[in-house]
Amino acid sequence: MIKFENVSKAYEENNVVKNLSFEIKKGELCVLIGPSGCGKSTTLKMINRLVEPTEGAITIEGKNVRDFKPEILRRRIGYVIQNIGLFPHLSVKENISVVPKLLKWDKDKIDKRVSELMHLMGMQESLFLKKHPSELSGGQAQRIGVARALAADPDIVLMDEPFGALDPITKSGLQNEILRLQRKVQKTIVFVTHDIDEAVKLADRIAVMNEGKLVAYDKPEAILNNKENEFIKKFVGFDRALKKLTRLYVEDFIKPYKSVKTADLSEFAKRRIESEIFVWVLDDNGELKGWLNNDDSIDFAENIENLVVTGIENLQISPGCSLRDALSVMMSENVVTLPVVDNRKLIGEIRLADIVGNEKNI
Amino acid sequence: MDLLTNKAYAGLVFRKLLDKNEMIFLFLFVLGLFSGSFIVEKPNRLAGGTPLALDSVISDISIIAAAIIALIAVLLSKKKNFVYTNLSLLFLGLLLSFFLWQAGDYAAGVTSDNDYARISLSYGFWFLLGACYFFYIYNINFFSGAFYRFLLSISFFLPLTVVFAAGFADKLSLLIEFYYNQDRFFGEVLNHFKIAYGAVALAVITGFPVAVFITRNKKLSAKVFNVLGILQTIPSIALFGFLMIPLAFIVNIFPVLGKFGISGIGWLPAVIALYLYSLLPVVINVFTGIKSVPSDVVEAARGMGMGKYQILFRIKILLSLPVILNGIRVALVQSVGNTAVAALIGAGGLGVFIFQGLGQSASDLILLGAIPTIIIAVLTDSFMQILVDYTKKKTAYDKI
């Protein structure tokens, strides 16, 4: 979809981007990553002609970007920047409708699109549309920034370190949002960051850049597995194995579980299944209540319900979480098995052995 | 030792009770009350007069009561609560109008005996007025919101306005001068506005594009500011003088221009000079306003496909409105003041009364020109400040 052919950019004597050639496929989220000054932002800005290349050509679906008038080209490409860049004198609604207005959409169409986007971003229209950017939190403002970029339904969205200035919690929330959105809207997204964790979490394909050159362009797993290239090795860091866990999800590692309902506890005590070390205890609605250690103490218990370990909300994990999250919970709670809970129902369990020994994680 | 600590303690309590500004107010107020010259009685308009202290106009008990009311007003205002401050300012307004009314009453008595005799307000009265005005400005700043400030201003100024409107002060020399010059007065007020505001309007119309243009050129902007800075250092009277020569020369060559009222003196050189003075604050503020629009906002606008002029008009200018309006505010206030001087070269405006008064050493005629000039400047300043604050709120980049 977006093709770089021998693209270079020089400011006077200084070569910022050197002979770049790669292609971003339609519907993929491509992350450009590298240390500060590696030319990743410049590369991004050459796509919508905020920066003009000194040499080479960039084509979108076979057409050279130079054949478009810059303004016309940019209106067809969504753009999100680090400091959000919302217009402070315009309301949220006016901010979102900037590009549709430039494209001279009629009022009804704009109104409809704005509601659609607010719904998509999970923001209440009545609460936010009339607000000004100064009244929004950082996370809310960046959501509006993303909505604004999507306003005219562009095929391509460029994001220049969009979450760089946000706190870790908001950042992670917005990353999940992007993944969710991307599953829905399937845009071609070019995303610049210097945060390898963010790249691994979001990317379909990662372009690693250093000193203006493309070092590698591959799937995140392949980048993490790359042990030959010194630069990549250094950039990824020692915890490459841990990083890979962010790409794997709990739902793919769920194991069947043994459980018993509260009402059946006394029945269970009579004929124990020897193979199990413990069982999950559910209440009558099938919601997780706790666990019961399957040891000899059960035999002598007068009231077996007192033996159930309850208060295990911290242990529960949802199927959409990454293995890294699961591992983190295991370590902080000092357990080796976690209950996987979806919509308050126990759907399975995940074990430490499966995380450490999974074949995908070699 | 004991005495010393007691004294220090008393000082501490006193300082806790009144802050610096409140002490300044009370000091000036008391100075006004007990100055030896509340009004001046003159046998005729131009002759020297005898100063009269406040106690020859009102009774001693009234003076003490006035001091107590002023103290109460200060204490009332301490809460910074709207109702209390309103009451406090109303008290002071009433006090001032009482003084004015008493002075007017005294003047009526004197002038009924002798047609030529004049009673002028003297520095005792101006001290009282100045003290109260200072207190009003100090307190009004604790309240944001144009509406609250408006109500507070009404409380303070309404009693004074009533005294004037009801004619209680008509026999004071200042008012006699006013009635004598009434026909010319409003015409000159209008002239004053035309010259002062007209010059700034011209500066905005021509300075704006220049300022926008030089934002793209560092060398040129430095030169422009150099020239405007030098212009600013020329004293106004000198500039009026400089302009007489080329203008007179031009009119000599094209006599037809004379038919439009153009000559070496009059309104044209005044407007040109004031225009030149106004250029610096206007151009510098438009320039810095546009320069200080955050670069990420501009980049976002560019990245979204706005053209050069769309970015300029829809983003940059709108975002720098508070700074631009502030420049216009400075230019207007400065221009209103300088217009008074322009009367020297026959431009008209309120300066006419000032220079006439100076010529005749009729101090009340001077005041007839000076006081309205100050009022126009202050009102202009407040009005522009409201606009600045409003646009500031509308363009706030960070949380307010």
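Predicted model: local features only at pLDDT ≥ 70, side-chain atom pairs only at ≥ 80, totals over all residues.
Okay, hi everyone. I'll start with chain A, then move over to chain B.

Let's begin in the middle of things, with the nonpolar cores. As a bit of background, in soluble globular proteins, nonpolar side chains tend to be buried together. Here, the largest nonpolar core has 47 residues. Which of them touch the most other members? Those are Ile96(A), Met118(A), Ile144(A), Met159(A) and Phe191(A). Helix H7 of chain A, residues 138–150, gives this core its largest share, six residues. If you click on Ile144(A) and skip its neighbours within four places in sequence, you'll find it in contact with Leu86(A), Val92(A), Ile96(A), Met118(A), Met123(A) and Leu136(A). There's also a second, separate core, with 42 residues.

Next up, strand S3 of chain A, residues 29–33. Is this strand enclosed or open? Five of its five residues are buried, so S3(A) is largely enclosed by the rest of the structure. Remember that in a regular strand the side chains alternate between the two faces of the sheet. On one side of S3(A) we have Leu29(A), Val31(A) and Ile33(A), on the other Cys30(A) and Leu32(A), and both faces are covered.

What about its partners? S3(A) runs parallel to strand S8 of chain A, residues 188–193, and five bridges join the two. To see one spot in that pairing, look at Cys30(A), which stands opposite Val190(A). S3(A) is also joined to strand S9 of chain A, residues 205–210, by four bridges, and that pairing is parallel as well. There, Leu32(A) has Ala207(A) as its bridge partner.

Staying in chain A, have a look at helix H1, residues 40–47. H1(A) is mostly covered, with seven of its eight residues buried. The buried ones are Lys40(A), Thr42(A), Thr43(A), Leu44(A), Lys45(A), Met46(A) and Ile47(A). Let's zoom in on Thr42(A). Its relative accessible area is 13%, and the cut-off for buried is under 20%, so Thr42(A) counts as buried. Leaving out residues up to four places away in sequence, Thr42(A) touches Lys9(A), Tyr11(A), Val16(A), Val17(A) and Val51(A). And just after the helix ends, Arg49(A) takes a positive phi of about 65°.

One more stop in chain A: an open sheet of four strands, in the order S11-S12-S13-S14, with mixed pairing. Which strands sit at the edges? Strand S11 (259–261) and strand S14 (309–310), each pairing on one side only. Between S12(A), residues 278–282, and S13(A), residues 288–293, the pairing is antiparallel, over five bridges. Phe278(A), for instance, stands opposite Asn293(A).

How many helices and strands does chain B have? The count is 16 helices and three strands. Of its 400 residues, 45% are buried. Its C-alpha atoms fill a box of roughly 75 × 65 × 45 Å along the principal axes. And if you take contacts between residues at least 6 apart in sequence, 74% join residues at least 24 apart.

Let's look at two helix pairs here. Two packed helices are described by the angle between their axes and the distance between the axes. Take helix H2 of chain B, residues 20–34, and helix H3 of chain B, residues 60–77: their axes come within 11 Å and cross at roughly 170°. That angle is over 145 degrees, so H2(B) and H3(B) are roughly antiparallel. The crossing is right-handed. Residues that meet there include Phe25(B) and Phe29(B) in H2(B), and Ala66(B) and Leu71(B) in H3(B).

The second pair is helix H4 of chain B, residues 82–113, with helix H5 of chain B, residues 123–140: an angle of about 165°, axes 11 Å apart. That makes H4(B) and H5(B) roughly antiparallel too, but H4(B) passes H5(B) in a left-handed crossing. Leu92(B) and Phe99(B) are among the H4(B) residues meeting H5(B), whose side of the contact includes Leu129(B) and Phe135(B).

Definitions and conventions: Residues numbered from 1 in each chain as written. Chains lettered and ligands numbered in written order. Heavy atoms only, no water. Core = buried A, V, L, I, M, F, W, Y, C linked by side-chain atoms within 4.5 Å. Buried < 20%, exposed > 50% of the residue type's maximum accessible area, 1.4 Å probe, protein only. Contact = heavy atoms within 4.5 Å. Pairing = 2+ DSSP bridges. Axes fitted to C-alpha atoms, helices over the stretch in contact; angles between N-to-C directions. Parallel < 35°, antiparallel > 145°, perpendicular 65-115°, else oblique. Left-handed = near helix turned anticlockwise from the far one by under 90°.
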